[in-house]
Amino acid sequence: MENVQRYIEEHKERFLEELLELLRIPSISADSKYRGDVAKAAEAVKDHLKNAGTASVDIYPTKGHPIVYGERLVSKSLPTVLVYGHYDVQPPDPLDLWTSPPFEPMIKKTTIHPDGAIFARGSCDDKGQLFMHIKALESMDRCQAIPCNLKFLFEGEEEVGSNNLETFCSEYKELLACDVVCISDTSIIANDTPSITTGLRGLSYVEVEVIGPAKDLHSGVYGGAVGNPINVLASMIASLKDKNGHITIPGFYTDVLEISDEDRIAMNAAPYDEDAYKAELKVDGLMGEKGYTTIERTSIRPTLDVNGIWGGYTGEGAKTVLPSKAFAKISMRLVPNQDPGKITKLFSQHFRAIAPDAVKVKVTPHHGGKPAVTPTNSLEYQAAADAMEKTFGKKPIPARGGGSIPIVSLFEDILGVKAVLMGFGLDSDDIHSPNEHFGIYNFYQGIRTIPYFLENYANAKKSS
Ligand code: BES
Ligand code: MN
Ligand code: MN
């Protein structure tokens, strides 16, 4: 293991250069214009895996973007870790808010990242974190120190719902057979406060359309007598939460697992500075469900948020018009044991029920995902915690995450295995936002930690 760490130290500048190259490929999965670039990124990931030491690696085309799968099997008597990551990225817009172009990576120093951070779309989510695993493999390979069997599954559709990966997992169940999944696609609390993500929220995502008169009307001639779809949509949305921030959809909270007072106390012991939180977001006040802390609101409580809303005239100047239609995209983050299918249904029923006769309502479900929880008393959690303690000099704190990685629950359902969510980003790294970045320190810490994790896990399995 010392050799591996020395190898990392000696080659880390090159590792960084190689990551920057990968970040230059605009692998935006949501935008069909970038289909070729997504394929190019898959090829690049495949080549990197091959050079790093996988014995076999292939690109599996899907109905959408390709899946890259490679493996390095050492011995049947050793456990197998499946590494999952995604090489697709979110669209970079709004472009004018970036301080340097999203696909021309630049290293800049920030207060939180005094050693520099890589500014580029995908640097943290998730190309930078996926690349840590490839470079950890290279380092272990060159030092002949691969402690267990390794499988690598990198997809190009995480940011659009992982639909084809689900099919792939069912179809290639035997190929993917493993003891545990390791994912670096989450964050730690701070660089001096390592943490391991012990859960993810699920997601139900719907698009709604409110339809009024068959055509746009003069807002003077008809205004006052006809239901304006935008006004109606706004008040319907407003009614989805009460004054305490509770969601009003009947049955919405029925399946929510309330956590024990003891667990609540433990989770709220994690460092959190409200003033710093507000300062970072440049807001004077916070808003959320009454009776819960910020840590709870962003992890163990479900949410309902409008992600986009449009309709009517939004061009230059004023146009007096009563629009025919209004639209919104609404997401609900879900917690154990809420079911996305059930929640989507409850939402649709309720949304139709509260619509006045003056309008018609259409609800179209988008992708969803189940929430996930990962145990802290497992071999893999302990292996990850010990690995992080070694590289950070501090025991990591278990922390539930607020985001979603839908495939985690599917790995459980299809492959019958749990995941360990050992991510190295920071919540302040602006993933999905302009100026996404990833600390160089974080990138290297990931590469250093992964080999320890694999070694710990292999040893623990041996003696279990
Ligand atoms: N890596 C994120 C999820 C994440 C980020 C989890 C930070 C915990 C902390 C992932 O790429 C993501 O953005 N997922 C989407 C899910 C979706 C598109 C189905 C999300 O959470 O919005
Ligand atoms: Mn991600
Ligand atoms: Mn993402």
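Predicted model: local features only at pLDDT ≥ 70, side-chain atom pairs only at ≥ 80, totals over all residues.
Reader: Start with the metal. Which residues coordinate the manganese ion (ligand 3)?

Author: Asp125, Glu159 and His432 do, at 2.1 to 2.6 Å. In sequence the donor residues follow the spacing D-x33-E-x272-H.

Reader: Why do Glu159 and His432 tie together parts that are apart in sequence?

Author: Look at where each one sits. Glu159 is in the loop between strand E6 (149-155) and helix H4 (163-171). His432 is in the loop between strand E19 (425-426) and strand E20 (437-439), so the pair links parts 273 residues apart in sequence.

Reader: Which residue coordinates both manganese ions, ligand 3 and ligand 2?

Author: Asp125 does. The two ions are 3.6 Å apart.

Reader: Next, helices. What should I look for?

Author: Turn by turn, an α-helix has 3.6 residues, so residues three or four places apart point the same way. Take helix H9 (residues 340-353). Its 14 residues reach 20 Å from first C-alpha to last, close to the 20 Å expected. Among its buried residues are Ile343, Phe347 and Phe351.

Reader: What do the buried residues of H9 pack against?

Author: Strand E10 (202-211), helix H5 (229-238), strand E14 (325-334) and strand E15 (360-365).

Reader: What caps the N-terminal end of H9?

Author: Asp339. One of its side-chain oxygens lies 3.2 Å from the backbone nitrogen of Gly341.

Reader: And Asp141: where is its place?

Author: In helix H3 (residues 127-142). At 17% relative accessibility, Asp141 counts as buried. Its side chain makes a polar contact of 2.6 Å with that of Arg142. Beyond its neighbours within four places in sequence, Asp141 touches Ala52, Gly53, Arg72 and Ile146.

Reader: Last, strands. How do E1 and E2 pair?

Author: The general idea is that side chains in a regular strand alternate between the two faces of the sheet. Here E1 (residues 56-60) and E2 (residues 67-72) pair in the antiparallel sense, over five bridges. Asp58 has Tyr69 in E2 as its bridge partner. A hairpin of six residues joins E1 to E2.

Terms used:
Residues numbered from 1 in each chain as written. Chains lettered and ligands numbered in written order. Heavy atoms only, no water. Pairing = 2+ DSSP bridges. Helix = DSSP H or I, 4+ residues; strand = E, 2+ residues; numbered from the N terminus. Donors = N, O, S within 2.8 Å, 3.2 Å for Na, K, Ca; no water. Buried < 20%, exposed > 50% of the residue type's maximum accessible area, 1.4 Å probe, protein only. Polar contact = N/O pair within 3.5 Å; in protein donor to acceptor, adjacent residues only side chain to side chain. Contact = heavy atoms within 4.5 Å. Expected span 1.5 Å × (residues − 1).
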